[in-house]
Amino acid sequence: MEIEIDNGSGFCFGVTTAIRKAEEELEKGGILYCLGDIVHNGMECERLKDMGLVTINHDDMRELHDVKVLLRAHGEPPETYELARRNNIEIIDATCPVVLQLQKRIKKQYEMGEGQIVIFGKKGHAEVLGLVGQTDSSAIVIENFNEVKRLDFTRDIYLYSQTTKSLDEYHRIIDYIQSHISPSATFKSFDTICRSVANRMPNISQFASRHDLILFVCGRKSSNGKVLYNECLRVNPNTHLVEDVHEIDPSWLEGIQSVGICGATSTPRWLMEQCRDAIQQLA
């Protein structure tokens, strides 16, 4: 049986940097807290927990003083930094540079005080909360194309996107606004989707088409994982999502000649390799 791990899958730059910073701090000894799951992958979170990383939420952070807290790649709103200052918390900032740049652009637009700031993103997602926080919570979040219709097309619209959203759907939203915006209003859209994530769609489509069976390894909390998994499923109906090796069903392998293993930007390479090894033992 041929088994191939997709070279384009695995941690993106932002996640790799956040995990490296966590490991470097943990090697120094002492307690390191992380605000939210460092990555949407339970197995990787467990590995770092074993090294001493303590995952907390915002309520926990309000009770902490004189400690170190790592901010993951998704980014945080200004209030988090203000809380850290008040509680004498040292911030280890692992916000992805792409997200950080987007936060600055939205903040600058908000300070100009014009029009509607619209963010194409998942409501409640950590990155989106950080982006909305740049506008004192005044930004409008739309989750999909259907929600674009509720915008006020008589007022100026400044459109941004969560970095990991679908490029195709973003362009559909742009086209709709352009065709409905009032002649007296201004519309500007900003290309804020991370290409290291967006480019995975065509790559993973080609990968999924090459194999009899696709094993998509991903934490079920991962937003981009859901998008990439559904793309694999569209191209290859014999696609299965698993969080770890224990979810692999031996019956899937009956009559299979080739298996492709791939994952999300939050999927560690070592976990895909574990799945490969497990399949080799089952084959």
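Where is the place of R62? I looked it up, and R62 sits in helix 3 (residues 58–62). For my own reference, helices (H or I, at least four residues) and strands (E, at least two) are DSSP runs, numbered from the N terminus.

**Ground rules**

I am working with a predicted model, where local features need pLDDT of at least 70 and side-chain atom pairs count only at pLDDT 80 or more, while totals for chains, interfaces and linings use all residues. Residues are numbered from 1 along each chain as its sequence is written, and side-chain values use heavy atoms, with hydrogens and water left out.

I checked the accessibility of R62 next. R62 counts as partly exposed because its relative accessibility is 45%; buried means under 20% relative accessible area, exposed over 50%, and partly exposed in between (1.4 Å probe, protein chains only). I found that R62 touches L83 and N87, not counting residues up to four places away in sequence; contact means heavy atoms within 4.5 Å. The side chains of R62 and D59 are joined by a polar contact of 2.5 Å. I noted what that term covers: a pair of N or O atoms within 3.5 Å, where within protein one must be able to donate a hydrogen and the other to accept it, and residues adjacent in sequence count only if both atoms are side-chain atoms. I also looked at R62 and A84, which are 22 residues apart along the chain, and their C-alpha atoms are separated by 8.5 Å.

Then I turned to R85, in helix 4 (residues 78–86). R85 counts as exposed, at 57% relative accessibility. The side chain of R85 has a polar contact of 2.6 Å with the side chain of E82. From R85 to H65, 20 residues away along the chain, the C-alpha separation is 9.8 Å.

**Entry: E44**

Is E44 buried or exposed? E44 is buried, with a relative accessible area of 1%, and I found it in helix 2 (residues 42–51). Leaving aside neighbours within four places in sequence, E44 is in contact with F11, I19, V39, P268 and W270. With W270 there is also a polar contact, side chain to side chain, at 2.7 Å. I liked this pairing: E44 and T267 are 223 residues apart in sequence, yet 8.1 Å apart in space, C-alpha to C-alpha.

**Entry: T192**

I went to the loop between strand 9 (187–189) and helix 8 to find T192. T192 counts as buried, at 7% relative accessibility. Which backbone nitrogen does the side chain of T192 reach? I saw that it is the one of S161, at 2.8 Å. Beyond its neighbours within four places in sequence, T192 is in contact with L102, R105, Y160, S161, Q162, T163 and Y170.

**Entry: helix 9**

Which residues of helix 9 are buried? In helix 9 (residues 200–209), I listed R200, I204, S205, F207 and A208. Seen down the axis of helix 9, these buried residues fall within an arc of 165°, so they line one face of the helix; the arc is that of the directions from the helix axis to the C-beta atoms. A reminder to myself: an α-helix has 3.6 residues a turn, so residues three or four places apart point the same way. What covers the buried residues of helix 9 includes strand 1 (2–5), helix 8 (195–198), strand 10 (213–217), helix 10 (223–235) and strand 12 (258–263).

Most residues other than glycine have a negative phi. I came across D136, which is not a glycine but has a positive phi of about 55°. S137, not a glycine either, has a positive phi of about 65°. D136 lies in the loop between helix 6 (126–132) and strand 7 (140–142), and S137 is found in the loop between helix 6 and strand 7 too. D136 counts as exposed at 59% relative accessibility, and S137 is exposed with a relative accessible area of 59%.
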